[in-house]
Every structure is written in structure tokens, then in C-alpha cells.
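Here is a short walk through one protein model. Keep the sequence and the 3D view open as you read.

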Amino acid sequence: MRERQKDRSESGRERFGEIHRDRHREFQEGEGIPIYTGFNIDDLRTLEVKTWARMGGLGAYVNLLGEELEADNYVCEIPPGKSLEPQRHLFEEVVYVLSGRGATTFWARPGGEKWTFEWQENSLFALPANMGYQHFNGDSNKPARLFAKTTLPAMFQYFHDPKFIFENDFIMEELESDLYSAEAKQYREGHIWAANFVPDVRAFDQMLTLLGRGAGGASITFYMPGLARLNMHQSEFPVGTYKKGHAHPAGRSIILVKGDHGYSLVWQPGYENEKQKVDWHTGSLFGVGLSELQGEIWWHQHFNTGSEPARYLVMHVNSPLIWDKHVQIEYVDEDPKIKELFESELAENGVKGKMPAACYTDPNYQWERAV
Ligand SMILES: [Fe+2]
């Protein structure tokens, strides 16, 4: 049986030379910018970027392990006082401003009306599918650096020709001048804040309690109506605490927007003794991983050993309309080594622990909000 399959595969290579092509990888490699892969980037603000002709600035791709078929990430720098090339593409993006300030002009149809909105460090905004746009650096002395998550890899799973993705003249949606008006588009419903533009996620002060995740933290989901597939949430948790271990599918880009010292543990089911420790601080990025089986989900857990509350922004590739499989490990059930490591890390950093003893013995322990 095995031999027959092998024969068929070899015959396929002869007759259909393109059968093993990875169109997305070919496209990425053809862009001529660095491609980083793995679990994490220590600091997106200083990641090395190189000239990116298509965008007209400097850039680098970041492929986080486990999400390669659905999403990618990039860093793009706009030189002082410059603008990037106009863009239009069928995939959608969410952009987080790592540094600098500037503006983006957008339009629905070539030659049609254009509008502009301004952004700054820690702004978050959507780039809907096939909307025309152009980014400008508003500072003539400093570069502006953007981080984006996109659904380009998923597009290449369905359409092989980049021209279809980048030169498609279909108007997805008639846009209005207030697409990025934070005030006009926001409303609250549960833990959801709906807007295509959040002026400053670091300063955002409308987060709500989500005590079931432990540590007395707060969180909010950012739903961007202009996006079909991407959505975001962010959480903050106090100094000297850690959240419950949990797992859900890959496709999450986690960026520390506040917090000077901490770490996360990431581990594959069945490999509890081989936990990977990812140290982080403001500007760090990491993903949640996925096994080679492309189906098992990896556990992960976040620890704050710094001197200020830690706030992380998560970009999801999954729509908020799709309910992910989430599982969680309660403190009473966790591996005792997790607490031991946390306490030794706290001691090393001279930070006082604030995990109440009762949370390790009482399965119904009631947390109070602490950020
Ligand atoms: Fe998570």
C-alpha cells in the first residue's frame, strides 16, 4: 500500500510539477524582507527590518508557529516624513502602532473620494478587505513603526494568482468618512467594544472584569466591524500574580503593550515536563503554538513578575462569531511546579507575590478585581 502511494506521488510530480508548491511561502520569500519564524519576538520595536519595495518602507514578516495556513504578521517602518505605497488587497489586516505618529488615507474605489484619519503610538485600527489605503509618517524626525496581522496566507489556500488578491477591482463595501471615528462607532455590549479604530490601547480605560480567568484581571474584546475574520482582545493583570493556564486554537498574536517584566509558559499536551518559557516585556510578541498534528491545542499561562500591571493585546485570526474550543486549568488542579517557578522568579526580581493561598485550595475562590 505504501509503495503504491509513493508511486502515485512520484508520477504526480512528473505530470503536475506544481503539485507541491507553497504559493504563500513563494510570495513571502519574493518580497525580499527578513522572515522570522517560531514562538516569539523579544522586541518588535527593535526587530531588524529591511527595504520592502512593495510597501515602500522597511519590513519583516513574522510567521508564528501553528497559524501558517491562516495568518501572518509583519512589522513595517515608515521613514521620517515619508509615506508608504498605496495598497489594496483582498485579505484584511489589523494594525497596531508600535511607535511614532502619522495618518492613513483610505478610499473605496480608485479615483473616488478619499478620507484620512490620524494615529499615534499604541493606536489599533482595521484595514478592511480590498479597501484602498496609504500610510503617512507624520513626524519628519522619527520613523513610525507598525505591526500588522493579516489573512493573506488563507487567501493563498484558495486562490493561487497574486493578481487576483492584489489587483481585484471588486468593491467590497461602500465606505463612509466616519469609518475610523472612534466616537461614532463605539458601543458596549458585554465584553465587546465595537470600533474600527482605538486611539490608544495602552491608555484604554473601559476594560471590564473577567474574574474567571484568575488573578483579579480585567479585559475587553475589540470587535472591528470592518473585518470579517480578525478580532482582538486585551487583558491586564496585577503585579505578583499569574493567570490560569488555558488552551485554545492557534492564530493569536500576543503583544505586551504594558509591563516591564514577566513570562509565559507554553506547552504541548502530553509534554507537561517540557514547558517552554517565553520572557516578555513591553514590545514583546509571542504565539500560543500548535502541535504537528494541527489539531491539538497548546497550553499557555501568563505570569507578571514586574513592577507594573501587565497588559497584553491579542490579535485573533478567528472571527468572534466562531466559538473557539477553550479549556482552562484551575489553580487547585495545576502542576505545583508552576507555583514554585513563579515564586523563584519573583524572588529573583525582588517582587512580592500576591497570589492568595486560598486560591490553591478552594475551587470556588472568589477573586476581586485588582487592576
Ligand atoms: Fe490564550
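Which residue stands opposite Val75 in β5? Ala60 does. Before going further, note that this is a predicted model: local features need pLDDT of at least 70, side-chain atom pairs count only at pLDDT 80 or more, and totals for chains, interfaces and linings use all residues. Residues are numbered from 1 along each chain as its sequence is written.

Start with strand β5, residues 72-78. Strands here are DSSP runs of E with at least two residues, helices are runs of H or I with at least four, and both are numbered from the N terminus. β5 pairs with strand β4 (residues 57-64) in the antiparallel sense over five bridges. Two strands count as paired if DSSP finds at least two bridges between them. Seven bridges join β5 to strand β11 (residues 144-150), and these two also run antiparallel. There, Tyr74 has Ala148 in β11 as its bridge partner.

Seven of the seven residues of β5 are buried, so the strand is largely enclosed by the rest of the structure. Buried means that 20 or more other C-beta atoms, placed from the backbone, lie within 10 Å of the residue's own; exposed means 12 or fewer, and partly exposed lies in between. In a regular strand the side chains alternate between the two faces of the sheet. Both faces of β5 are covered. Asp72, Tyr74, Cys76 and Ile78 are buried on one side, and Asn73, Val75 and Glu77 on the other.

Now the wider layout. The domain assignment, automatic or from a database, gives domain 1 (2-166) and domain 2 (185-360). Their C-alpha centres lie 25 Å apart. 29 residues of domain 1 are in contact with 33 residues of domain 2; contact means C-beta atoms, placed from the backbone, within 7 Å. On the domain 1 side, β2 (40-41), β4, β6, β9 (124-127) and β11 each supply at least two residues. β9 gives the most, with three.

The largest nonpolar core has 79 residues. Such a core is a set of buried Ala, Val, Leu, Ile, Met, Phe, Trp, Tyr and Cys residues joined through C-beta atoms within 7 Å. Its largest share, five residues, comes from strand β6 (residues 93-99). The core draws at least three residues from each of domain 1 and domain 2. Val94 and Ile255 have the most contacts inside it. Leaving out residues up to four places away in sequence, Ile255 touches Leu44, Tyr96, Phe147, Leu285, Tyr312 and Leu313. A second, separate core of six residues includes Phe91, Leu152, Met155 and Ile165.

Strand β7 (residues 102-107) meets β8 over six bridges, and Ala103 stands opposite Glu118 in β8.

The other has five strands, ordered β21-β20-β23-β18-β25, again antiparallel. β21 (276-280) and β25 (327-329) stand at the edges with a single partner strand each, so one side of each is left without a neighbour in the sheet. Strands β20 (residues 262-267) and β23 (residues 299-304) pair over six bridges. Ser264 has His302 in β23 as its bridge partner.

Finish at helix α6, residues 336-349. After α6 comes Gly350, whose phi is positive, near 65°.

Notes:
Expected span 1.5 Å × (residues − 1). Contact = placed C-beta atoms within 7 Å.
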